[in-house]
Amino acid sequence: MVQFIQVPKFSEELINIPIKTDGEKRFVQFFGDVSAGFPSPAADFVQNNISLDEILLLHPEATYLNRVGGESMYPEYLKGDLLIIRSDIEPRHHDDIVVSVNNSEYTFKRYDAINKQLISLNPKYKNCIQLQDEDVVIILGVVTDLVRHKRN
Amino acid sequence: MYALVDCNNFYASCERVFNPTLNGKPVVVLSNNDGCVIARSNEAKDLGIPMGAPAFEYENNFRLNKINVFSSNYALYADMSNRVMMILKSYCPDIEIYSIDESFLLFKGFDNYDLVNYAQEIKQKIYTITKIPVCIGIAPTKALAKVANRIAKKFPKHHNGVYMIDSKEKMVKALKWLKCEDIWGIGRQLSKRLSFIGCKNAYDFTLLSDEYIKRNFSIVELRLKKELLGESVLKLDEVQRKKSIATTRSFEKTINDYENLKERVSTFAVSCAEKLRKEQSKCNIITVFVMTNRFDEKQSFVSNSLSTTLDFDSNSSIVLSKSALFLLDKLVPAEGKVPDYKKAGVIVSAITPDNQAQMNLFHTESPKHKALMSVMDQLNANYGDHMLKLASQDVRRKWKMKQERLSPCYTTRFTDILNVY
């Protein structure tokens, strides 16, 4: 059965949208123009279900959502951006990752695999982290997608 | 071969997933209403915090030892559990989810696999994806898998979280190590009886003759003996229906007002009915209990419970609420002062699937209930928690659980997702 999702507005009324880890997909249904008269010959062939989950939630068990809380990754990421991160993939050079070093809080950095560094993109932030071999590095996930609300 | 996958200190581990600053530090999780300790990290265990420690008694201890205390965040735990179980399913199709943090796997047709290696791979994958540490025990039967899991958990350095019992010698060694009270399904009372007849460990238990066990204990213990000796009698129960469902709460303040108590008990009954409908089953027995605070010195400790069978199997909020209030009426003294109750609850049992109810010659449930309940569930799902209530429930009051130290619902609520800087 087709289930409709409401587009989240991030207001108080619509807080309870869980990430579904059951793998079931929700669909946004697009309706074509309604016209009177001769029925469209294509009507029988319309596959009118598109699910954003199909591109954003391929592995629900390994997907987490984070929100950008500051300017450290400006200009590529803006405050308030929604990050879709995956914990099941290995970070590669120049991936953006949510990471904790030596049991610090999670921070959002770009991974420089060549120099073994975690970099903030904003030139105003000079807090590069040089990784040492004995550091305990916990990666919550690699950013795979970005959801940005252009207007509300 | 069966495997038991068990998450280590599950609730405490969940609190760490989004908060790595807690790693290496003591963490405890409190029960509903912040009553007592229900989960401890290893560091908290080492500090001597017992399971079930009442929070108010340990308040100072928590502060002195800088223990991180959390209210239970079931939304987070359920989501993390779901993730772990999904990963397990991708490694082994035959799985029985035994509880929120435990699952049995049945390795059928894995003859060419090095199961210890495979289990290590599973353990590693679960850690990478969820940051939850697990232990895995592998053995020819479910009861032995449980034992193997215990060994994996007790000796992490030796086995790296995975232990397999695959030979007679390992089995005997494990059974001789396992104390009677730690055998799966042997309660405290039973283990006392066993030690009385000279059983010091699980191995001694398996030496008892079948006849003796059957005569003095029951068929359940006989099955257990066979399981411990490597003969598989307990099969994978894939869709396990719960044996009983309970909704119980410690009250924030004691209640000695009968009307108020009635509202609460009615709400508990409605909640049980909702849980039953969710798993498409009905119950035949309903139990109501009330108790006072056992730490209160001003009054003697009172704990009463009463059960009744229903005329017909039901999952209707109306029927269960009526029966619960009927029982409560008998429980609470009709004359004199009502004691200061601290805790109450409703438990439903004798649960059967919705579609195979026993017919009763004289009474049946009004068919209207089924339709009514489905409308009620639908409305409550659409318009938020408990917009629609029975009149016997607490209609005006908005009753809230005490959750002073709740961590954010990182994975289930948009406003709570982790901000990263």
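Author: A residue counts as buried here if 20 or more other C-beta atoms lie within 10 Å of its own. The model is a predicted one.

Reader: How many of the residues of strand β7 of chain B are buried?

Author: Strand β7 of chain B covers residues 134–139. B:Val134, B:Ile136 and B:Ile138 point one way from the strand, B:Cys135, B:Gly137 and B:Ala139 point the other way, and all are buried. The strand is therefore largely enclosed by the rest of the structure, the count of buried residues being 6 of the 6.

Reader: Which residue of β8(B) is the bridge partner of B:Ile138?

Author: β7(B) pairs with strand β8 of chain B, residues 162–164, over 3 bridges. The sense of this pairing is parallel. Within β8(B), the partner of B:Ile138 is B:Met164.

Reader: In which sense do β1(B) and β7(B) pair, parallel or antiparallel?

Author: Strand β1 of chain B, residues 2–7, is linked to β7(B) by 6 bridges. In one of these pairs, B:Cys7 has B:Val134 as its bridge partner. The sense of the pairing is antiparallel.

Reader: Which residue of β6(B) is the bridge partner of B:Leu4?

Author: β1(B) also runs antiparallel to β6(B), with 5 bridges joining them. Strand β6 of chain B, residues 102–106, is mostly covered, with 4 of its 5 residues buried. The partner of B:Leu4 in that strand is B:Phe104.

Reader: Through how many residues does a hairpin join β5(B) to β6(B)?

Author: Strand β5 of chain B, residues 95–99, runs antiparallel to β6(B) and is joined to it by 4 bridges. B:Ile97 has B:Ser103 as its bridge partner. The hairpin between the two strands passes through 2 residues.

Reader: Which strand gives the most to the side of chain A that touches chain B?

Author: The contact takes 29 residues from chain A and 22 residues from chain B. On the chain A side, β3 (63–68), β5 (96–101) and β6 (107–112) each supply at least two residues. The residues of that side divide into 14 nonpolar, 11 polar and 4 charged. With 5 residues, the strand that gives the most is β3(A).

Reader: Which residue of β14(B) stands opposite A:Asn66?

Author: β3(A) is joined by 3 bridges to strand β14 of chain B, residues 418–420. These two strands run parallel. Opposite A:Asn66 stands B:Leu418.

Reader: What ipTM does the predictor give the complex?

Author: For chain B, the mean pLDDT is 87, and 94% of its residues reach 70 or more. For the complex, the predictor gives a pTM of 0.71 and an ipTM of 0.73.

Notes: Residues are numbered from 1 along each chain as its sequence is written. Chains are lettered from A and ligands numbered from 1 in the order in which they are written. This is a predicted model: local features need pLDDT of at least 70, side-chain atom pairs count only at pLDDT 80 or more; totals for chains, interfaces and linings use all residues. pLDDT is the predictor's confidence in each residue, from 0 to 100. Two residues are in contact if their C-beta atoms, placed from the backbone, lie within 7 Å. Ala, Val, Leu, Ile, Met, Phe, Trp, Tyr, Cys and Pro count as nonpolar, Asp, Glu, Lys and Arg as charged, and the others, Gly among them, as polar. Two strands pair if DSSP finds at least two bridges between them. A residue is buried if 20 or more other C-beta atoms lie within 10 Å of its own, exposed if 12 or fewer, and partly exposed in between; C-beta atoms are placed from the backbone.
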